[in-house]
Amino acid sequence: MSLQIASLRVANLKVERNGRVILNEISFEARVGRVLVVMGPNGAGKTTLLAAIGGALRPAGGVIDFAGGPLAALRPEAMAARRAYMAQHFDCPFAYSVEDIVALGRLCHAGTPAAARDKMAVAAALASADLAPLARRPVTMLSGGERQRVAFAKAIAQIFDRSAAGEPHLVILDEPVSSLDPEHQHRLLGQARQLAEKGATVVVTLHDLTLASIYGDDALVLDRGHVAAAGAVAETLTPSLIERVFKVRVGTAIQDGGSRIMHAVPQDQAA
């Protein structure tokens, strides 16, 4: 599989809400087989961007192409089979079981040959999110982190067929690890990395610099609704860029094996 195929292309994207410009002149590409990490301060427009490319929000201008054609031209059922979108917040006031919620990700395949794989897809998604022991538990009895894993599993079930066949697909994850403990942060992002290796283009928002450096291939940094930087993670998330955009300094440490740990420190401390 070529890592140079642009699965998602965004050009001059503009998004407005209530007459206010939230995003302006946003241009970037996300490629098959790679994880694009979207970062930026609170209010920079990260969630708005993911909602736009996920089809949940209509842009005021610009182009969003997916797999060689305009996103808006795809029929909803065709898009749902090729794109999974995990929103930042997941809540369900009804006592549906974890398994039932994950199975909702298969609704887009109803009446198609893929429906024969529904049970297999749900079981695989539950296992990927470490939820098999909780499959029959009502979602109303879960912690915030467990609910976040349910939302991830639902997304995985949705694009199971494309992933299993190694066909290009788009996975959009908005702050998927914000409520997770360290073990499940690494587990979920490791699953996202595996999806990329199987043919997905993964776009994920993160705040943790170390997680971004471990799991991201490319980075898109937003600041006040504009692109502050874009490119390979190692070349983009530089101390100078982080200090300018996030108003913190960066401390670094080298693990055994040479991997780099990045952490934010107050500006009055040495990097």
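Helices (H or I, at least four residues) and strands (E, at least two) are here DSSP runs, numbered from the N terminus. The model is a predicted one, in which local features need pLDDT of at least 70 and side-chain atom pairs count only at pLDDT 80 or more, while totals for chains, interfaces and linings use all residues. Residues are numbered from 1 along each chain as its sequence is written, and side-chain values use heavy atoms, with hydrogens and water left out.

**Sheet and hairpin**

- An open sheet of 6 strands, with mixed pairing, has the order S6-S7-S8-S3-S9-S10, where two strands count as paired if DSSP finds at least two bridges between them.
- Strand S6 (83-86) and strand S10 (226-232) stand at the edges of this sheet with a single partner strand each, so one side of each is left without a neighbour in the sheet.
- On average, and with direction ignored, neighbouring strands of this sheet are turned by 15° against each other; the axes are lines fitted to C-alpha atoms, for helices over the stretch in contact, and angles run from 0 to 180 degrees between N-to-C directions.
- Strand S9 (residues 218-223) runs antiparallel to S10 and is joined to it by 6 bridges, and Asp-223 has His-226 in S10 as its bridge partner.
- Strand S4 (residues 61-66) and strand S5 (residues 69-70) also run antiparallel, joined by 2 bridges, with Phe-66 standing opposite Gly-69 in S5.
- S4 and S5 form a hairpin with 2 residues between them, and Ala-67 in the turn has a positive phi of about 55°.

**Pockets and cavity**

- On a 1 Å grid over the protein atoms alone, a cavity is a set of points where a 1.4 Å probe fits but cannot get out, whereas a pocket is an open set with protein on both sides within 12 Å along at least five of seven lines; lining residues have an atom within 4 Å of a point.
- Grid points are joined across faces, edges and corners, and a volume is the space filled by probe spheres set on the points.
- The largest pocket has a volume of about 320 Å³, and of the 14 residues that line it, Arg-58, Pro-59, Ile-64, Leu-71 and Ala-72 are the closest to its centre.
- S4 gives the largest share of the lining of the largest pocket, 4 residues, and by class this lining has 8 nonpolar, 3 polar and 3 charged residues, where Ala, Val, Leu, Ile, Met, Phe, Trp, Tyr, Cys and Pro count as nonpolar, Asp, Glu, Lys and Arg as charged, and the others, Gly among them, as polar.
- The second largest pocket, with a volume of about 210 Å³, has a lining that includes Ala-124, Ser-128, Phe-152, Gln-191 and Lys-198.
- Helix H4 (118-128), H5, helix H6 (160-165) and H7 are the elements that give two or more residues to the lining of the second largest pocket, which by class has 6 nonpolar, 4 polar and 1 charged residues.
- The structure holds 1 cavity of 30 Å³ or more, and the volume of the largest cavity is about 40 Å³.
- The largest cavity is lined by Ser-128, Ala-129, Arg-149, Phe-152, Leu-180, His-184, Arg-187 and Leu-188, with helix H5 (144-158) and helix H7 (182-197) as the elements that give two or more residues.
- H7 supplies the largest share of this cavity lining, 3 residues, and the lining divides into 4 nonpolar, 2 polar and 2 charged residues.

- In helix H10 (residues 239-246) the buried residues are Leu-241, Ile-242 and Val-245, where buried means under 20% relative accessible area, exposed over 50%, and partly exposed in between (1.4 Å probe, protein chains only).
- Seen down the axis of H10, these buried residues fall within an arc of 95°, so they line one face of the helix; the arc is that of the directions from the helix axis to the C-beta atoms.
- Lys-247, which follows H10, has a positive phi, near 65°.
- Ser-213, in helix H8 (residues 209-215), is partly exposed, with a relative accessible area of 22%.
- Between Ser-213 and Leu-237 the C-alpha to C-alpha distance is 8.2 Å, although the two are 24 residues apart in sequence.

**Residues with a positive phi**

- Most residues other than glycine have a negative phi.
- Asn-12, which is not a glycine, has a positive phi of about 55°; Asn-12 is found in strand S1 (residues 6-17) and is exposed, with a relative accessible area of 51%.
- Glu-175, also not a glycine, has a positive phi of about 50°; Glu-175 is found in the loop between strand S7 (169-173) and H7 and counts as buried at 15% relative accessibility.
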